[in-house]
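Hi there,

Here is the structure I promised to pass on.

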Amino acid sequence: MTTVPKDDIAVAGAVPVQRELRLRPSLRHVVIAGAIAAALVIPLVTSSFVTFQVTEVIIYGLAILGLNLLTGFNGQFSLGHSAFYGIGAYTTAILMHNYDVAYYWTIPAAGGVCFVVGFLFGLPALRLQNLYLALATFALANATPQILKFHALENWTGGVQGLVVDQPDPPSFLPIDGDQWLYYFTLAVMLVMFAAATSLIHSRSGRAIMAIRDNPIAAAAMGINTSLYKTLTFGVSALYTGVAGALGALAVAFVAPDSFTIFLSISLLVGLVIGGVGSIPGCLFGGLFVLYVPNIANSLSSGLAGAIYGVILLLVIFVMPAGAAGFVRLAAARLSRSQQAPITGAQGGKP
Amino acid sequence: MELLLQQVMAGLANGAIYACMALAVVMIYQAIDHLNFAQGEMAMFSTFIAWQLMAWGLPYWVAFALTVVISFVAGVLIDRVLFRPVQKAPILSQIVAFIALFSILNSSAGEIWDFTIKSFPTPFGHQPLFGGTLIDTHEAGMIGVTLALLGLLYLFFRGTRLGLAMRAAAANPASARLVGIRVGWMTALGWGMAASIGAVAGMLIAPVVFLEPNMMLGVLLYGFAGAVLGGLTSPAGAVVGGFSVGIIENLAGTFVPYVGRELKLTLALVLIVIVLMFRPSGMFGRSVVNRV
Amino acid sequence: MRQLTRRSILAAAPAVAFAFKAWPARAKDYGPGVTDKEIKIGNTGPYSGPASSYSAVPKSQVAYWKMINDQGGINGRTINFISYDDAYSPPKTVEMVRKLVEEDGVFFTSATLGTPCNSAIWHYMNEKKVPQLFVATGATKWDDPKGHPWTIGWQPNYQSEGRIYATYILKEKPDGKIGVLYQNDDFGKDYLKGVKDGLGDKASMVIVEASYETTDPTVDSQVVDMKAKGVDVFVNCGIPKFAAQAIRKAAEIGWKPLHVLSSIGNSVGATLKPAGFENAKDIVSDFYLKDPSDPKWKDDDGFKTWIAFMDKYMPDADKSDAGNVAGSSLAGMTAQVLKQCGDELTRENVMKQAASLHEVMVPMLLPGVTANTSPTDFAPLKQVQMAKFDGQRWNLFGELLRGAIG
């Protein structure tokens, strides 16, 4: 019989960055620039509603990135990220509703609050592994709506009725509406934070974080302060998801305890896996999946929407066990293998 | 004092539910080395099958036995069809597969049998036990069956070759294969047993909580908490953990002033986390020393 | 060069956006979503997720509109009823309602379900001036014609029901010790508030406030607690599952308080039967809809109409599920509003008609209970009647009580 659960997250299919298939630098830059250009144009050529949906995709992508930093890159399993999302959202709502703070200041505030909460939670989490950590984070996710409903805090949180958040107004000199402005604002925040995450992962700290995931004992033996890195990662992860929650509050213009249940945590986890654990761009694909697939399932059958969603999920997992990013990696590897000359072989080990 | 006693007994009664579920949780954990999120839904679905069989006229014990067999087969099927394709996949992908199973079972049950609650019969009756009001015959029966199941499992794992083979297959599949154990079959057997235990748990729980598609949501959470508290490596620990969770939760709800009532679940989970911090493998789990 | 291109794109943006958002021109002066042949109505509800036990409400509406269309529609137009799942999650409700209004172009929404869900779209609907008709929740706040003129409520609100229970208790057991079992969310807390407000300065009669979460397996310990603390008036505001558990547990531990059951959990088939009819004897509750599993209505015309509808359009559904009664009644009320609009199908007129309901009946309303609204009164149903369970059926007593908050 097995005893302590093995650190399976370590080999969760996340590929170390150095061996990751990457396009040549200039091609990669072109692709990213192209994607950003396309993203900038979207609200100008689609309806308000689609703009709103894409804003939500970006927000979920950012939330999933938070989870990815903790689980994908650092190997700490979390079912509790709905709590951080909710705390971020409520920070924004409370600051705007009760204290008339401008919306753009609430974003860093939400990030800061969540960083502290995440860091504090990361401390006791140091002692817990895998399933035990899952339970602890599960407890956090369950506690959050209960605390939000708690009558003693009702004056701040609005209790079960929730709080209305005013949608930000676009700056008067721009001829765009509220939805479009919120989209650009969210896009800007997302780009900054994705860039920050990418540079974190490629830095020495990032390698330390991943080393802890792959082999914590070896990492400690090499002198990495695992406790510090693990708690910091928890904090940063919470920060990312908290900022996503804050943006979510602005987009939906409403917060209530029922918006931040354990089901949200599970959705984020699903999005993480579908997008590709350990892949930063994969998070956006995960966000896309989490937003649109339930709608698709619902359109096929309202009574069996959940069953259809489950079946779609299974099919996707069977076909792409390592998520979309893993699939892309595999496909690109096959493609480049078939293009390489068979006899001379891979000179210089080009990917 | 009487209130304390009553709440402890009520906690034991609730705890019997959690202990039952915790057993199924630990069972599947022994077989596949991690938690199956859909365990509760499988139990719920099995219970609905039993209900349907009885609605079609079969007597209780026939329906009971049939359901246990059907659940066993279904468990093996799920292993083959759902688990096998993702076995080599990363653990997170497996978890997502379980989430998908959860969704499918929950939604299908709601569509087939509706969401109105249904009463489920119990062979033990609902008479108060010992004349008093502390515990009734069904709750006592539930505790009895849970302990009996626990005993049977213990005998199976410790006393039979098959049980030994299962433990070997789960602990070290590669070595187990080398000594001739059919690891694939062992996993399937584990799934089947877990599904059957879950079915029994469901059929014991339904008379208390009423049968409906969402009946296992909370139970699984508490069962999970109980299993983790007791230590995922120890079936006996899981049972003790389940009972503990029931008692803790009841006492927290009744006696902790001001916050107790509304934050009952939170308190229970916080206490469990605190226990885990001091004993990271659970109360009765064994921690293993790994070679680096 | 890039500067110019970007600027000119931005300059053109409003025109482009407007072209995408503008509705196609119509011959008559209809509101959006209306043609000579069709009216589009939008709806959201919990088909999945933690509140899926209410899925019968939207499902029965879908069936009802199908029936209406089979009968020729309303004023010669078929109704295109578009209903989406929001899984009881407010962000999802916002997304789905925006889809209904902006992409599907519905005329108005009807019977969107859930307090937090409707709260999330409240501001949006009023800002966009889209009628949010007959919200399927009993919160008090929907009756707000000044602040939110495009939103109209439906059922007697929970607080007023709570007050009615309080009044009843003050009459029957003025020295009682009250325990309230309630769900830890908006409707539960509203019931509790209503009871305490109704007791006024005797609110201290409530000595136990026991909440539960929908994820709790049982409420047995709450019941045990109440008995131990000497509660002799039990206000049971649980949903059917927990109401039934409480009724059964009370009987098991030999506790026989004055038992007041809320209308959420008083169905004969859905609650009392699983709880055990003998255990439910002498329980008191309030009604505004007929309970289809109560044998009393067997020969009632309204009931027979409803049964015919269920048999034809929802043959596999569980008739004891109160959601089927609520949903079909909500749809029936909406149909009435549309009928009153005639050919003047603008959103303004829809609200005007919705605010001028005068003694409107739908088949499953309790005899004597009608819907009444006015420009200052956006609470259509206000009346309830108390009933006592005799072990087999509910026996109505007393008069119709007005439930509106003053």
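How much area do chain A and chain C bury between them, and what share of it is on carbon and sulfur atoms? The two bury about 3000 Å², 59% of it on carbon and sulfur atoms; buried area here is the accessible area (1.4 Å probe) that two parts lose on being put together, summed over both. In chain A, the residues that lose the most area to chain C are A:Leu44, A:Phe49 and A:Gln161, together 20% of what that side buries.

Before I go on, a word on conventions. This is a predicted model, in which local features need pLDDT of at least 70 and side-chain atom pairs count only at pLDDT 80 or more, while totals for chains, interfaces and linings use all residues. Residues are numbered from 1 along each chain as its sequence is written, chains are lettered from A and ligands numbered from 1 in the order in which they are written, and side-chain values use heavy atoms, with hydrogens and water left out.

Back to chains A and C. Contact (heavy atoms within 4.5 Å) takes in 31 residues from chain A and 33 residues from chain C. There are 3 salt bridges between these chains, a salt bridge being a side-chain nitrogen of Lys or Arg within 4 Å of a carboxyl oxygen of Asp or Glu. One of the salt bridges joins the side chains of C:Lys189 and A:Glu154 (3.6 Å, N to O). Chain A and chain C also have 12 residue pairs in polar contact, both residues at pLDDT 80 or more. A polar contact is a pair of N or O atoms within 3.5 Å; within protein, one must be able to donate a hydrogen and the other to accept it, and residues adjacent in sequence count only if both atoms are side-chain atoms.

On the side of chain A that touches chain C, the elements giving two or more residues are helices H1 (25–45), H2 (48–72), H5 (130–149) and H12 (282–300) of chain A. Helices (H or I, at least four residues) and strands (E, at least two) are DSSP runs, numbered from the N terminus. H2(A) gives the most to this side, with 6 residues.

The interface of chain B and chain A buries about 4900 Å², 74% of it on carbon and sulfur atoms. Chain B brings 55 residues to the contact and chain A brings 51 residues. The rule finds 0 salt bridges here, and 3 residue pairs in polar contact. H4(B) gives the most to the side of chain B that touches chain A, with 13 residues.

Chain C is divided into domain 1 (31–156 + 295–375) and domain 2 (158–287), with bounds from an automatic or database domain assignment. Their C-alpha centres lie 29 Å apart, and each domain gives 12 residues to the contact. Together, domain 1 and domain 2 of chain C bury about 860 Å², 47% of it on carbon and sulfur atoms. Between these domains there are 0 salt bridges and 4 residue pairs in polar contact.

Chain C also has an open sheet of 4 parallel strands in the order S2-S1-S3-S4, where two strands pair if DSSP finds at least two bridges between them. Strands S2 (78–85) and S4 (132–133) of chain C stand at the edges, each with a single partner strand, so one side of each is left without a neighbour in the sheet. S1 (residues 38–45) and S3 (residues 108–110) of chain C run parallel and are joined by 2 bridges, and C:Ile41 stands opposite C:Phe108 in S3(C).

Best wishes
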